[in-house]
Amino acid sequence: MALVAALLLSACAPRQLVIKQLADELAAQGQSAEADLDLARDAAPFYLKLSESVLRPQPQHAGLAAAVAGGFTQYAYAFVAFEADRLDATDARAAQQLRARAARLYQRGRDHALAALEARQPGFAAALAQPDRALRLAADDTPLAYWAAAAWGGLISLSKDSPDTVADLPLAIRLAELAWHADPAFGDGNLASLMGSFEVARPGGSPARATRYFDDAIRLSGGRSAGAWVAKAEGIAQPAGDKAAFVALLQQALAVQDSPASPHALANEVMRRRARWLLGNADDLF
């Protein structure tokens, strides 16, 4: 209803004010609780297209830019890349096409977050590419850096045949580190989990350091993030060939229960679905 009210205001308010109000409402919608995975999948394209059109004239709107970047990133991960993983064994060509689409969606989300950071801090992109240049984030820019880094990491993970894209890994890691220095508890452990995934992915990464990040993610979420358990299973147990630990961590993910109207319900359902799929394929993974 608030979104409808904002639209109706267009008849009597200056255009810029209306756009700002609509951006605020769409940003809030992006944070609303939703536990129905199918409903979220079906609703996401309309929400993302509308939000993009509202974001375009005001790229500096941190709340909406973060919601759009997060929306594209989560949609790519939950509904496109995951479907590619499921199809691998039966239709490799379709799986590859889905991964190409997921990569484009990740890039789209990353670009929205980076554009917002640049609009809010001119010269940000150039400074990010120069490790010796000092950079700091304002508190309300942490979500932008998190989603930019997460989307960039997803893009890189699906771009093994593109050396130029893979070469951007240090930039994605630096973004995550900037967010970490600003607010290590961001996302109730989501940022800590991302830091662990980057530690595993970077050349010369330390499994022990990655484990500490994943354990931080579990602690910060109070054990209520299915994603933290899955990330540790895929980031630590699977590469180590420890099937028993892998299974135990995934079972912990499946045991996570959501409170009513939890803002994490949708993400947890996505990760429980992945945990079930990984458990069903455990014999093939080890």
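## Basis

The model is predicted: local features need pLDDT of at least 70, side-chain atom pairs count only at pLDDT 80 or more, and totals for chains, interfaces and linings use all residues. Residues are numbered from 1 along each chain as its sequence is written, and side-chain values use heavy atoms, with hydrogens and water left out.

Helices are DSSP runs of H or I with at least four residues, numbered from the N terminus.

## Helices α12 and α14

Two packed helices are described by the angle between their axes and the distance between the axes. Helix α12 spans residues 226–240, and helix α14 spans residues 265–280. Their axes come within 8 Å and cross at roughly 35°. Axes here are lines fitted to C-alpha atoms over the stretch in contact, and angles run from 0 to 180 degrees between N-to-C directions. The crossing is left-handed: the near helix is turned anticlockwise from the far one by less than a right angle.

From α12, the contact (heavy atoms within 4.5 Å) takes in Ala 226, Gly 227, Val 230 and Glu 234. From α14 come Asn 268, Met 271, Arg 272, Arg 274, Ala 275 and Leu 278. By class, five residues are nonpolar, two polar and three charged. In this scheme Ala, Val, Leu, Ile, Met, Phe, Trp, Tyr, Cys and Pro count as nonpolar, Asp, Glu, Lys and Arg as charged, and the others, Gly among them, as polar.

Helix α7 (residues 142–157) has 16 residues. Its first and last C-alpha atoms are 22 Å apart, close to the 22 Å expected at 1.5 Å a residue. The expected span is 1.5 Å times one less than the number of residues.

Ser 159 lies in the loop between α7 and α8 (163–166). Ser 159 has 10% relative accessibility and so counts as buried. A polar atom of its side chain lies 2.6 Å from the backbone oxygen of Leu 155. Beyond neighbours within four places in sequence, Ser 159 is in contact with Thr 165 and Val 166.

## Two partly exposed residues

Asp 188 sits in the loop between α9 (169–182) and α10 (190–201). Its phi is positive, about 55°, although Asp 188 is not a glycine. With a relative accessible area of 39%, Asp 188 is partly exposed; that class lies between buried, under 20%, and exposed, over 50%.

Ala 248 belongs to helix α13 (residues 243–255). Ala 248 is also partly exposed, at 39%. Ala 248 and Gly 223 are 25 residues apart in sequence and 14 Å apart in space, C-alpha to C-alpha.

Technical notes: Buried means under 20% relative accessible area, exposed over 50%, partly exposed in between (1.4 Å probe, protein chains only). A polar contact is a pair of N or O atoms within 3.5 Å; within protein, one must be able to donate a hydrogen and the other to accept it, and residues adjacent in sequence count only if both atoms are side-chain atoms.
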